[in-house]
Amino acid sequence: MKVAVKQWHAVAYWKWDTGATTEQDANADEDAEDDVCGICRVSFEGCCPTCKMPGDDCPLIWGQCTHVFHMHCLLKWLNTASSKQQCPMDRRTWVTAERKVDR
Amino acid sequence: MLKIWSMKKNEETAAKKKPKVSAAQIRLQKDLTELEEFKTMTTDFPDPADLLHFNLIITPDEGFYKGGKFLFSFNISTNYPHEPPKVKCMQKIYHPNVDTEGNVCLNILREDWKPVLNLNAILVGLQFLFLEPNAEDPLNKEAAEELRRDREAFAKNASLSMRGGTIRGQTYERVLATP
């Protein structure tokens, strides 16, 4: 049998490198918590409530404590007096990491 | 690539036309779908279209307040989850961590709030206040003092207050679950 390919569609997807390693991916389905921003609870690949488009317009921010949020969500929190400049997860003083911190 | 940029423009204009649903509402909707089932707590939305204002009914099944039915109002600001919900007890009750105005002293409703918390955390916190009132952090100092000194006397007064009794000149509301 001969097959002639007349048309094809390439499909690609992207993901932020949030530090969810491959073995974690295996049980990602049971623990979807890892894939959402803890503040707005929208997936990292989605965008924060003030943005319309995900991606570079609504990037993530990594803390040295290894916690990840939508940048806009975290900055909004740090701008409130009650945040005391602490990470909303572990209450350590927030220090932005340059990129993903290995856990 | 060009196509992506033009799609982006279209989406932006489309988004502007949509009615604005606040970030607080979006987040709250998620909280509500994730809300656990508690056999001692039910929520009540007087206006189902308004998620930001609702009531919580707690009917403790053990502890000092067993047999009572307690009502709380939740007011959620448009800044949620950056600000905690404003929670008030709608009845005058005898409780170390609730004053006679209905203000509630629960750490996560005040200084320890953080935006990764959700309604589940608050509900569990409120429920815990009825199971284990905290004498160390009182709003009703006399009740706290009594709990610290004499648990049995406190248990009696808590039960008296739920029946609408008067304790040290303050008359409390009858809050029994069974009429």
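The side chains of A:Arg41 and B:Glu34 come together in a salt bridge, with 3.6 Å from N to O. This pair makes a friendly starting point for a tour of the structure, which is a predicted model. Across the interface of chain A and chain B, the rule finds one salt bridge. Alongside it, six residue pairs are counted in polar contact between chain A and chain B, both residues being at pLDDT 80 or more.

How much surface does the contact take up? The size of an interface is often given as the accessible area lost when the parts come together. Here the area buried between chain A and chain B is about 1,700 Å², and carbon and sulfur atoms give 58% of it. A:Arg41, already met in the salt bridge with B:Glu34, returns here: together with A:Met53 and A:Arg91, A:Arg41 supplies 33% of the area that chain A buries against chain B, more than any other three residues.

Attention now turns to chain B on its own. Four strands of chain B form an open sheet in the order E1-E2-E3-E4, with antiparallel pairing. Strand E1 (41–44) and strand E4 (86–89) of chain B stand at the edges, and each has a single partner strand, so one side of each is left without a neighbour in the sheet. On average, neighbouring strands of this sheet are turned by 25° against each other, direction ignored. The pairing of E1(B) with strand E2 (residues 53–58) of chain B is antiparallel and runs over four bridges. One residue pair shows how this works: B:Asp44 has B:Asn55, in E2(B), as its bridge partner. Helix H3 (residues 119–131) of chain B lies across E1, E2, strand E3 (70–75) and E4 of chain B, and runs at about 150° to E3(B).

In one of them, the side chains of B:Asp61 and B:Lys39 meet at 3.3 Å, N to O. B:Asp61 lies in the loop between E2 and E3 of chain B, while B:Lys39 lies in the loop between helix H2 (23–33) and E1 of chain B, so the pair ties together parts that are 22 residues apart in sequence.

Key:
Residues numbered from 1 in each chain as written. Chains lettered and ligands numbered in written order. Predicted model: local features only at pLDDT ≥ 70, side-chain atom pairs only at ≥ 80, totals over all residues. Heavy atoms only, no water. Buried area = accessible area lost by both parts, 1.4 Å probe. Salt bridge = Lys/Arg side-chain N within 4 Å of Asp/Glu carboxyl O. Polar contact = N/O pair within 3.5 Å; in protein donor to acceptor, adjacent residues only side chain to side chain. Pairing = 2+ DSSP bridges. Helix = DSSP H or I, 4+ residues; strand = E, 2+ residues; numbered from the N terminus. Axes fitted to C-alpha atoms, helices over the stretch in contact; angles between N-to-C directions. Contact = heavy atoms within 4.5 Å.
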